[in-house]
Amino acid sequence: MEKINWFPGHMKKALDMMRSEVSKVDVLIYVLDGRAPLACLNPEFVKIINEKPILFVLNKIDMSDEEKLSEVEKSLLGENRKVIRLNSTASGAQKKVLEKLKQLCLPLLERFKKKGVSGFIRAMVIGVPNCGKSTLVNNLCGAYKAQTGNKPGVTKTKQWVKLPGNFELLDTPGTLWPNLSDQKAGMFLAFIGSIKDEVVAVEELSLMLIERLVSDYPKFFEERFGKASGTGLEILEFIAASRKFLLKGNEIDYTRAARAVLDDFRKGRIGKITLI
Ligand SMILES: Nc1nc2c(ncn2[C@@H]2O[C@H](COP(=O)(O)OP(=O)(O)O)[C@@H](O)[C@H]2O)c(=O)[nH]1
Ligand SMILES: [Mg+2]
């Protein structure tokens with residue numbers, strides 16, 4: 001596999017910006033896509049936020065393999081760390097998150113109480129692209145965001161939105177750069193659509209996905225595509241032939257077949273999958 005170029009210069013800039021953003025908040029809500037949770041975790045970034053309480057959200061639970069997530073959950077837990085499994089698109093997500101957030105921030109809340117101040121706890125949602133940050137922010141803010149409103153003529157800047165239970169949430173989530181040092185993580189992020197398809201050729205990416213799925217989820221794969229043995233290329237050819245993805249002169253349309261496999265995976269049509 002060709003080495004993916006993550007533009008280290010950009011990454012450093014993003015990390016520096018994030019460092020300053022993070023210094024303004026008391027607690028972080030770190031969203032991980034449940035289909036590739038560890039790939040969404042950026043160790044460089046975890047180092048920066050080490051001192052802050054973190055609520056890890058294992059998101060897109062409706063598309064993920066819950067059994068595999070148990071291992072992940074154990075590895076994330078620790079002092080000042082909580083984990084929650086979530087479908088951010090579902091109603092009730094807000095209540096669940098706020099409950100967990102309250103548990104995580106109990107020491108902070110008690111400190112406020114002792115001091116006799118009614119301080120707000122500031123939270124911010126972070127994560128790699130496409131993991132569901134905006135969906136979660138919208139779900140968390142819900143009606144509250146509408147209260148603040150967007151007044152015409154006012155420049156749209158980042159705003160703190162009041163949430164129930166003495167919390168304030170930054171209405172703009174922080175986008176994390178992918179983990180530079182880990183090729184496997186990069187590959188998984190490309191599978192789930194967190195990295196643009198232009199970075200890796202779609203055919204190559206689909207071959208890697210096929211090989212991974214055939215090894216981790218052969219039954220699901222066979223059910224969806226009718227074949228889970230042979231090389232990735234043989235399987236891709238089979239899929240193209242069985243779906244009649246042909247070019248002029250009956251040549252196999254690899255690109256179309258590749259897109260179909262990636263699309264099926266990203267839409268959750270192959271099954272509930274978690275890649276570790
Ligand atoms: N099935 C499912 N889809 C989700 C969930 N959360 C987000 N999505 C979808 O994932 C895509 C990316 O979400 P978005 O909030 O834009 O991600 P962001 O780039 O991190 O802000 C959208 O199509 C969302 O509808 C979830 O819990 N379950
Ligand atoms: Mg977004």
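Is Leu275 buried or exposed in this structure? Leu275 is buried, since 24 other C-beta atoms lie within 10 Å, where buried means 20 or more other C-beta atoms within 10 Å of a residue's own, exposed means 12 or fewer, partly exposed is in between, and C-beta atoms are placed from the backbone. I will come back to that residue, but let me start with the model itself.

What we have is a predicted model, in which local features need pLDDT of at least 70 and side-chain atom pairs count only at pLDDT 80 or more, whereas totals for chains, interfaces and linings use all residues. Residues are numbered from 1 along each chain as its sequence is written, and chains are lettered from A and ligands numbered from 1 in the order in which they are written.

On confidence, pLDDT being the predictor's confidence in each residue on a scale from 0 to 100, the mean over the protein chain is 89, and 90% of its residues reach 70 or more. Over residues 146-154, however, pLDDT stays under 50, and for that stretch the model has three contacts beyond four places in sequence, a contact being a pair of residues whose C-beta atoms, placed from the backbone, lie within 7 Å. Where pLDDT is low, the predicted coordinates should not be read in detail.

Now the overall fold. The protein chain has eleven helices and seven strands, taken as DSSP runs numbered from the N terminus, with H or I over at least four residues for helices and E over at least two for strands. The C-alpha trace spans about 75 × 40 × 35 Å along its principal axes, and 35% of the 276 residues count as buried. Of the contacts with a separation of 6 or more, 71% are accounted for by residues 24 or more positions apart.

Let me turn to the ligand. Ligand 1 is surrounded by 16 residues, the closest being Ser88, Gly132, Lys133, Ser134 and Thr135, where a residue is near a molecule if its C-beta atom, placed from the backbone, lies within 6 Å of it. Helix H6, residues 133-148, contributes the largest share of this shell, namely three residues. By class the shell has four nonpolar, nine polar and three charged residues, with Ala, Val, Leu, Ile, Met, Phe, Trp, Tyr, Cys and Pro counted as nonpolar, Asp, Glu, Lys and Arg as charged, and the others, Gly among them, as polar.

Helix H8 (residues 202-216) packs with helix H10 (residues 232-242) at an angle of about 100°, their axes 9 Å apart; axes here are lines fitted to C-alpha atoms, for helices over the stretch in contact, and angles run from 0 to 180 degrees between N-to-C directions. H8 and H10 are therefore roughly perpendicular, given that 65 to 115 degrees counts as roughly perpendicular, under 35 as roughly parallel, over 145 as roughly antiparallel and the rest as oblique. From H8, Ser206, Leu207, Ile210, Glu211 and Val214 meet Gly232, Leu233, Ile235 and Leu236 of H10, and these divide into six nonpolar, two polar and one charged.

H10 also packs with H11, at an angle of about 95° and with the axes 9 Å apart, which makes H10 roughly perpendicular to H11. Here Leu236, Ile239 and Ala240 of H10 contact Tyr254, Ala257, Ala258, Ala260 and Val261 of H11, so that by class there are eight nonpolar, no polar and no charged residues.

Leu275 sits in the segment after H11, and, leaving aside neighbours within four places in sequence, it is in contact with Arg35, Ala36, Phe188, Phe191, Arg212 and Asp216. Leu275 and Arg35 are 240 residues apart in sequence, yet 5.9 Å apart in space, C-alpha to C-alpha.

Finally, some backbone details. Most residues other than glycine have a negative phi. Asn166, in the loop between strands E5 (160-163) and E6 (167-170), has a positive phi near 65°, and Asn250, in the loop between H10 and helix H11 (254-266), has a positive phi near 60°. Asn166 is partly exposed, with 15 other C-beta atoms within 10 Å, whereas Asn250 is exposed, with 7.

Notes. Contact = placed C-beta atoms within 7 Å.
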